[in-house]
Structures are given as structure tokens and as C-alpha cells.
Amino acid sequence: MARLISDGVCNAYLLDVWTASSHRRRGIARTVVEALCEAVPGQHIGLQTDNAQGFYDRLGFRPQPDFMSRVSGRWLENDANRD
């Protein structure tokens, strides 16, 4: 499971990414996170993690001063920002 909260324009926050222990290491979390990121094209996606920096780094997230983040596609290139 995972949740992504978005303002619908430029910022989203990924949280509560979790896979049952018996189903880990099968690419489930990667698939869920990628699907959520694809749902918010052009948005900056932030998250905080204590022990999964390597996992998120492999998904394209980069450390920021207080959290990790990535942009889904190209920054602000989405329906909310089209004329």
C-alpha cells in the first residue's frame, strides 16, 4: 500500500509505502510507487524516510535538506498548467 497526496498542480507527498513482509523483494513497492508518480506528471514529489533511502534513490528520488524528492516527468508540465 502507499498514499500520494497532491495539490493537483505542482506538489505531491508520498507516504505510508508498505509491503507485507511475506511479499517483499518482489517489486511490489516499486510498481506501486512508480504508478503513483505517473499519476502526477510534472509535479514535485516529496517524502521522508528513516531507513529506505537506497530504495527511493533507485527510484529517482534525491535527498533534499529535510526530505527526499523527485519530479514526475518534467516540472510543471501537466494539465493544470496548460492554457
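## Lining of the largest pocket

By class, the lining of the largest pocket consists of 10 nonpolar, 7 polar and 6 charged residues. In this classification Ala, Val, Leu, Ile, Met, Phe, Trp, Tyr, Cys and Pro count as nonpolar, Asp, Glu, Lys and Arg as charged, and the others, Gly among them, as polar. The volume of the largest pocket is about 590 Å³. Among the 23 residues that line the largest pocket, V17, T19, A29, A52 and F55 are the closest to its centre. Two or more lining residues come from each of β2 (11-15), α1 (28-38) and α2 (53-58). The largest contribution to the lining is that of α2, with 4 residues.

A pocket is defined on a 1 Å grid over the protein atoms alone, as an open set of points where a 1.4 Å probe fits, with protein on both sides within 12 Å along at least five of seven lines; lining residues have an atom within 4 Å of a point. Grid points are joined across faces, edges and corners, and a volume is the space filled by probe spheres set on the points. Helices (H or I, at least four residues) and strands (E, at least two) are DSSP runs, numbered from the N terminus.

## Basis of the values

This is a predicted model, in which local features need pLDDT of at least 70 and side-chain atom pairs count only at pLDDT 80 or more, while totals for chains, interfaces and linings use all residues. Residues are numbered from 1 along each chain as its sequence is written, and side-chain values use heavy atoms, with hydrogens and water left out.

## Sheet

The strands form an open sheet of 5 strands in the order β1-β2-β3-β5-β4, with mixed pairing. β1 and β4 stand at the edges with a single partner strand each, so one side of each has no neighbour in the sheet. Two strands count as paired if DSSP finds at least two bridges between them.

Strand β1 (residues 3-6) pairs with β2 in the antiparallel sense over 4 bridges, and I5 stands opposite Y13 in β2. β1 and β2 make a hairpin with 4 residues between them, and G8 in the turn has a positive phi of about 80°. Strand β4 (residues 62-63) pairs with β5 in the antiparallel sense over 2 bridges, with P63 opposite M68. A hairpin is formed by β4 and β5, with 4 residues between them.

## Nonpolar core

The largest nonpolar core has 12 residues: A12, L14, V33, C37, V40, I45, L47, A52, Y56, L59, F61 and M68. The elements that give two or more residues to this core are β2, α1 and β3 (44-47). A nonpolar core is a set of buried Ala, Val, Leu, Ile, Met, Phe, Trp, Tyr and Cys residues joined through side-chain atoms within 4.5 Å. Buried means under 20% relative accessible area, exposed over 50%, and partly exposed in between (1.4 Å probe, protein chains only).

Apart from its neighbours within four places in sequence, V40 is in contact (heavy atoms within 4.5 Å) with L4, S6, A12, I45 and S72.

## Loop between β2 and α1

T19 is located in the loop between β2 and α1. T19 counts as buried because its relative accessibility is 14%. Not counting residues up to four places away in sequence, T19 touches R24, I28 and A29.

D16 lies in this loop between β2 and α1 and has a positive phi of about 55° although it is not a glycine. D16 is partly exposed, its relative accessible area being 38%. R25 is also found in the loop between β2 and α1. R25 is not a glycine, yet has a positive phi of about 65°. At 85% relative accessibility, R25 counts as exposed.

## Loop between α2 and β4

G60 lies in the loop between α2 and β4 and is partly exposed, with a relative accessible area of 31%. Leaving aside neighbours within four places in sequence, G60 is in contact with S69 and R70. G60 and N11 are 49 residues apart in sequence and 16 Å apart in space, C-alpha to C-alpha.
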